[in-house]
Amino acid sequence: MREILHLSFSTTANHLSTHFFNAQESYFTYDDKISLVDHNVTFRSGLAADGSTETFTPRCLLWDLKGGYGSLMKYNSLYENEEGSLASANVVRIEEPRVPRSAYIQSLDENAEHVAKLNPSTTLYWSDYCNVFHHPRSLLQLSSWEYHPVDAPRGRARGSGGSGPLAVVHHGSAGKVKEFKGYDVGASEFHDLSHADSAGELALETHFRALLEECDLLAGINIITDVDSAWGGFTAEALSELRDEYIPKSTVLLWGLEDNASLDRINQYSRIQTVAALTPLSTAYIPLCLKPDTASLFSFFSADVGFDASSLWHTTGLLNAAFESITLPTRLRESDSRVSMDTLASEITSLGSRKIISGTELAIGHAILQLGGTNSVNNGHQDRLSQIKAAKSRPGHVFSKFGVVRDFRGSSIGSMEQIWEEYAKHTDVKDEGGFVDRRLIALSYPTPASYPPYLPESGPLYSSLYSTSLTRYELADMKDFVSRYVRGDDREELKDELDTLSAEFIFGWSDDSSGDDDE
């Protein structure tokens, strides 16, 4: 077996993960027909609490803040409370008000002939459209922080008054609510052992080790996390611990979710620290943008289809079309069409020398979207000199590219070939050690009832990851930010780390004459 584990940090990451596992569940076959996807790669078999009912649950760990699960309960109809119950009859049970189940989930639970339709207002929590059962040990939460989709979408500290919109919360010196932001806040939370059920080394020892020991031959790990919040620091500390104690040489693809909004300096600095920390620990660091260019979105979607950029159900559904498609070859059953996690990582990083992926593309038919990287509209830290900004507007040299073209609502192999040629023709990989690889897969992208009904009606689905010399300008942006705004002992060390990463993306003669504004 070649199992792949899935780790998800933050509410946003869990929305994307929910779309992903819903898609995997839709590949299941319940007759003699064999699926092209090997379900054992991402799902584990087991027994329910009754000891006889067979279960099939995702090989994953999902971290969230208190309240982020919405109506989802840690223990469900398949698994009883393994922690036991209180025996004393004198114990008074106090429970916080529960988030009601969505009409969609109720219709699934009742095996209704027609499930309730979803929309952005009924999908505020990822549990509102989660089609799969999760094992109780897969669900972890940071109990000292809380999430609310309206009042605290970025998370806030919990106080003695409990959680929820009316909770008493900690305040900073200026009287403002303490938000879950800043790299150091997340790093500190990981090492806070006062909440052993959620964060820190004890959680990995209890939960991750169990997942790892179930694997016959671990093929790799996908990690999805926010990078513009405290989750970046939390994830970096978690991955460092995983590398030291559990998976020193395993393939790790790190998918960094960038808000792409107008970030304040704390969040800008958090992203820079996260990229600098996670890149060396990962086999590949892949940025994904939550808010693509509005003009590109307008051309991508038909005029009569609405796209709500404020809905995580909508935005992460779009990201999953790329994420699920690019990683699909790693889950295929047939060996002649399968790609290992290690091979995928080697090709997109030029044998590991360029760990930061420059961009992610998604297209259906003849409309293409850039979903992260150097072509994003706003990367949050654009303080560079004018000549560097001008340099970024040039095409840049392409070091490597990995693309997948798959069936989408009746596409032919011939049309898949045509789409690949259309989008790959500008790729010019001609330096030593360059890579370009494509996979044509006759398996449609799944759009279950839980998926937003907004994709174009026809045309092959194309997705790719690529690496170009433009990444060095993004890293130069980051270094310039550090030079301008950061003070303290870590400043020069962080600049050196960014320089080291940037050096791998130099191609040919460079006219980059950036300087440090240290006055």
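## Basis of the model

The structure is a predicted model, in which local features need pLDDT of at least 70 and side-chain atom pairs count only at pLDDT 80 or more, while totals for chains, interfaces and linings use all residues. Residues are numbered from 1 along each chain as its sequence is written, and side-chain values use heavy atoms, with hydrogens and water left out.

## Overall fold

The protein chain holds 13 helices and 14 strands, where helices (H or I, at least four residues) and strands (E, at least two) are DSSP runs numbered from the N terminus. Of its 519 residues, 55% are buried, a term that stands for under 20% relative accessible area, with exposed meaning over 50% and partly exposed the range in between (1.4 Å probe, protein chains only).

Contacts are counted when heavy atoms lie within 4.5 Å, and among those between residues at least 6 apart in sequence, 79% join residues at least 24 apart. The accessible surface of the protein chain is about 22,400 Å², and 50% of that area belongs to carbon and sulfur atoms; the areas come from the Shrake-Rupley method with a 1.4 Å probe, and for residues only the protein chains shown count as cover.

## The sheet of 7 strands

An open sheet with mixed pairing has its 7 strands in the order S6-S5-S4-S1-S7-S8-S9, two strands being paired if DSSP finds at least two bridges between them. Strand S6 (152-157) and strand S9 (284-289) stand at the edges with a single partner strand each, so one side of each is left without a neighbour in the sheet. Neighbouring strands of this sheet are turned by 30° against each other on average, direction ignored.

Within the sheet, strand S1 (residues 3-9) pairs with strand S7 (residues 218-226) in the parallel sense over 7 bridges, and Phe9 stands opposite Thr225 in S7. Helix H6 (residues 265-281) lies across S7, strand S8 (252-258) and S9, and runs at about 150° to S9; such angles run from 0 to 180 degrees between N-to-C directions, with axes taken as lines fitted to C-alpha atoms, for helices over the stretch in contact.

## The sheet of 5 strands

Another open sheet with mixed pairing has 5 strands in the order S11-S10-S14-S12-S13. Its edges are strand S11 (367-373) and strand S13 (435-441), each with a single partner strand, so one side of each is left without a neighbour in the sheet. The twist averages 15° from one strand to the next.

Strand S10 (residues 359-364) and S11 run antiparallel and are joined by 5 bridges, with Gly359 opposite Gly373 in S11. Helix H8 (residues 312-327) packs on the sheet, where it touches S10, S11, strand S12 (398-406) and strand S14 (461-468), and its direction makes about 80° with that of S14.

## Aromatic contacts

Rings of Phe, Tyr and Trp (its six-membered ring) pair if their centres lie within 6.5 Å, and planes under 30 degrees apart count as stacked, over 60 as edge-to-face and the rest as tilted; by this rule there are 26 aromatic pairs. The ring centres of Phe20 and Phe21 are 5.0 Å apart with the planes at 70°, so this pair is edge-to-face. Phe481 and Tyr485 form a tilted pair, at 5.0 Å centre to centre and 55° between the planes, and both lie in helix H12 (residues 471-485), 4 residues apart. Phe481 is buried at 2% relative accessibility, whereas Tyr485, at 32%, is partly exposed.

Ring pairs also link Phe9, Trp63, Trp145, Phe180, Phe190, Trp231 and Phe234 into a cluster.
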